[in-house]
Amino acid sequence: MASSQTELLAENIIPTIDFGLLVNGTPDQRSGMVQTLAKACEDWGFFMLVNHGMPDGLSDEMLEAFTALFGMSYDEKIPYMGGHVLDPIRIGTGFNYKTDLEKCWKHYVKIFVHPEFHSVSKPLNFRDISKDYSECARAIGLQLLKAIWEGLDMEERHVKEALKLSSCFQNLTGNLYPPYTNPDIKFGFVPHSDHGLLTLIYQNGVDGLQIKHHDRWIDARPTPYSIMVNTCDQLEIVTNGKYKAVLHRVLLNTEVARMSVATTIGPSLDAIVGPIADLLNTDYPAVFRAMKYRDYLEQQQSNSLVEKGALNLVRLS
Ligand SMILES: O=C(O)CCC(=O)C(=O)O
Ligand SMILES: [Fe+2]
């Protein structure tokens, strides 16, 4: 193969992060993985996480519990439909039914699971499974963030205090993309970035997720039981743009339904988030203003989803 072709292929391989080496490796293995993670965040904003410790059985149970929830009758779901974007449990279609019903061909269930844990009461096993799944995913997400601060030479204490991470926000979303063949509907999820710090995605083995890398859309095809992780808007703000929130989208499948479980970890809803002072100096001034995360989340969820448009709320130039 010509070397330029080999380089092109290598350039398109999504980085893999071995979580086991980050948390249980020797000091050398950990610092090597911290550097790999830093590069993955800077070059890609996206990586595949392996050896993460989330039990395979729990991931499957979570997908099954969401399948059962989506399958419930309209009457059972209606109490959770059509409310305010900051309601702790929301069931709906599209991204926001007021703005984006026709743009995103999907059903969703969005539940706030931290700092207060919420759950639907049916299916009966949903509460226990979603509690275990959310706790495990949050522990993984917080360990990744700790390694991210380390890779940026940021004082962990400063970031944890600024973002009030002990009461970090976390939501748990189930996405169901039914098969669809109407040529007018292009996307299950239009190109967008997520509002939080990091999102962890587990899927049912049906492809469709793509990420934008160097102006090209790349298929994200996880190996079984790995977790895909993407950087989000609050991480771009905190790092003053050093790490960019990655644009991603979901294409529809004409034969089978895709399902994903996405959990986003963010600062505390009460944290006023701006670029962290450790990273700023006269050569590198703030490019974002500070904004309360609750207000950012409300705006991002209320408006039409247009790529990384929500970041314009806080962009200074
Ligand atoms: O279904 C997927 O893989 C992506 C889900 C997603 O982007 C989201 O929930 O924000
Ligand atoms: Fe997303």
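**View 1. Lys 242 and Glu 42 meet through their side chains in a salt bridge, at 3.5 Å from N to O.** A salt bridge here is a side-chain nitrogen of Lys or Arg within 4 Å of a carboxyl oxygen of Asp or Glu. The pair links distant parts of the chain, 200 residues apart: Lys 242 is in the loop between helix H8 (233-238) and S11, and Glu 42 is in helix H3 (residues 27-43). Helices (H or I, at least four residues) and strands (E, at least two) are DSSP runs, numbered from the N terminus. Lys 242 is partly exposed at 33% relative accessibility, and Glu 42 is partly exposed at 44%. Buried means under 20% relative accessible area, exposed over 50%, and partly exposed in between (1.4 Å probe, protein chains only).

Please note that this is a predicted model, in which local features need pLDDT of at least 70 and side-chain atom pairs count only at pLDDT 80 or more, while totals for chains, interfaces and linings use all residues. Residues are numbered from 1 along each chain as its sequence is written, chains are lettered from A and ligands numbered from 1 in the order in which they are written, and side-chain values use heavy atoms, with hydrogens and water left out.

**View 2. Lys 122 and Glu 76 form another salt bridge, at 2.9 Å from N to O.** Lys 122 sits in the loop between strand S4 (107-114) and H6, and Glu 76 in helix H5 (residues 74-77), so the pair ties together parts that are 46 residues apart in sequence. Lys 122 is partly exposed, with a relative accessible area of 44%; Glu 76 is partly exposed too, at 31%.

**View 3. Within helix H7 (residues 156-163), Glu 156 and Lys 160 are four residues apart, about one turn of the helix.** Salt bridges that share partners join these two and Lys 146 into one network. The Glu 156 to Lys 160 salt bridge spans 3.9 Å, N to O. Stepping back, the structure holds eleven salt bridges.

**View 4. The iron ion (ligand 2) is coordinated by His 192 (NE2), Asp 194 (OD) and His 248 (NE2), at 2.1 to 2.2 Å.** Donors are N, O and S atoms within 2.8 Å of the metal (3.2 Å for Na, K and Ca); water is not among the atoms, so sites may look incomplete. His 192 lies in strand S6 (residues 187-192) and His 248 in strand S11 (residues 248-251), so the pair ties together parts that are 56 residues apart in sequence. Both His 192 and His 248 are buried.
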